Amino acid sequence: MSPVERLGREDVDILELEHGQIAGHTLKILVLERDKDAPAVTLSRLQDRLAARVGRVRRARQRLAATPLGLGPPVWVDDTGFDVDRHVRRAATKGNVGEARLRELAGQAIAGRLPRDRPLWDVQLVSPLAGRRAALLLRFHHAWADGMTCMHTLQALLYDEPDEQPAKDGWRPEPAPGAAELVAGALAGRVTGLAGAAGALARTAASPTRWRMGAEELGRLPGAVGRELLPGDAESPFSGAVGRQRAVAYFTAPLAHYKAVEHAAGEHTTVNDVVLAVVAGGIRTWLGHLAGEAALRCKVPVSLHKRDEGPDVGNRDSFMIVDLPVGERDPWARLRSIHRQTAERKRHHDAETLDALFGDLALFAPPLERLLTRATASSREFAINVSNVPGPREPVTILGARLARLISFSEVGIDHALRVSAVSLSGAMTVGLCADPDVVEDVDGLAAAIGEALSELRAHAA
């Protein structure tokens with residue numbers, strides 16, 4: 001029997017954020033387009049593909065199991081009753097599904113919940129769309145999959161392979177550990193944690209450059225990191241009591257447009273800098289006279305994954321805080337301001353430092369780590385979260401149909417009624433917006449404004 005795998009610190013933090021009106025999953029829309037002579041993407045073919053490949057990704061076949069008496073975090077166990085029919089279904093639609101109906105289905109999927117009694121993912125097949133197209137709506141819980149893990153999982157479970165062989169025996173679930181084993185494992189984990197803390201203390205004493213993390217020392221962290229953790233004072237236009245409704249919108253443009261601005265700006269400006277500048281410009285236009293002169297604090301997730309990692313790594317990201325200068329009239333000045341900030345944070349390794357800080361606190365002072373995690377999720381810490389994940393660079397097919405569009409949406413947060421997620425696919429970049437429509441009105445208008453901001457930057461770059 002394989003050793004028991006417990007949720008890591010980041011996974012537990014994410015799981016605990018899911019309550020009340022807030023879900024904990026991400027949603028991907030995959031729009032598939034087939035040639036007229038290619039077979040249709042049907043529910044049975046999709047189920048067969050996933051049933052044959054689910055053995056490749058441990059988390060795709062595992063569910064959560066509680067540790068008795070709350071002695072430790074939940075553990076991952078094989079779902080001995082795994083049935084692909086419980087995860088893959090056809091969306092309830094009539095006739096050809098248009099763009100508005102597809103986005104409505106996406107909003108409903110984000111607002112829903114993934115059942116905890118089975119592996120934390122599911123797929124809806126939306127078909128037919130106009131022009132021999134179909135769409136897949138995939139939900140992955142963030143407790144086991146961050147942005148990069150989702151990309152690896154999509155490849156492992158769905159993408160066609162040139163030399164694909166039919167599955168022989170599939171996978172065989174292992175029996176779930178008993179209560180006594182879970183309790184013993186939790187107690188052993190606590191002992192291991194204490195030993196790790198003692199080792200960290202010894203290393204700290206031996207090296208004065210290592211930090212002794214505690215509440216008093218937080219303000220003495222290096223300047224850039226200290227600014228990451230200090231709350232801002234500007235009001236957020238996206239702050240409000242979040243309900244259960246979700247609306248989505250998106251904007252797609254050639255990746256070459258972003259790269260043209262990147263190259264024109266020079267000075268090691270990145271595509272991600274351009275994405276942040278485009279979002280800032282779109283928000284400025286959307287706010288109109290309410291933009292004022294203030295900046296919006298933006299939480300930017302930073303992947304800490306290694307290049308050769310696969311879909312079973314789970315969450316490995318940190319973050320940095322960037323002030324989006326929505327009060328700045330000049331789009332080029334907005335981009336330069338953002339680049340200066342991201343370059344400084346990268347130079348000081350802020351994301352890695354924050355990851356080390358939270359890891360040390362989890363060892364030395366778990367209650368403080370949980371308190372700080374909640375604090376960094378508040379609307380005083382940041383106004384908006386903007387992520388950017390690289391998708392496939394080369395063309396992809398699924399069941400013989402071309403992956404024509406990949407769109408990513410992430411769930412909003414407590415008192416954060418808007419989330420922005422960018423993802424690339426073989427020469428295109430799509431910026432997805434997920435919002436509570438009762439707090440953030442006209443999310444379609446915001447998506448259009450983001451597109452205008454990109455055009456504005458390209459005009460300055462010409």
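E5, R58 and R59 are joined to one another in a network of salt bridges, and this network belongs to a predicted model in which the count of salt bridges comes to 16.

E104 pairs with R101, and their closest N and O atoms are 3.3 Å apart. Both residues sit in helix α3, which covers residues 99-111, and because they are three residues apart there, about one helical turn separates them.

The salt bridge between R297 and E381, with an N to O distance of 3.7 Å, connects distant parts of the chain: R297 belongs to strand β9 (residues 296-303), whereas E381 is found in the loop between α11 (366-375) and β11 (384-389), and the two residues are 84 apart in the chain. Are these two partners buried or exposed? With a relative accessible area of 15%, R297 falls under the 20% cut-off and therefore counts as buried, and E381, at 2%, is buried as well.

A further salt bridge involves R345 and E344, whose closest N and O atoms are 3.5 Å apart. Here the two side chains fall into separate accessibility classes, for R345 counts as buried at 8% relative accessibility, while E344, at 23%, counts as partly exposed, because its value lies between the 20% and 50% cut-offs.

Technical notes. Residues numbered from 1 in each chain as written. Predicted model: local features only at pLDDT ≥ 70, side-chain atom pairs only at ≥ 80, totals over all residues. Heavy atoms only, no water. Salt bridge = Lys/Arg side-chain N within 4 Å of Asp/Glu carboxyl O. Helix = DSSP H or I, 4+ residues; strand = E, 2+ residues; numbered from the N terminus. Buried < 20%, exposed > 50% of the residue type's maximum accessible area, 1.4 Å probe, protein only.
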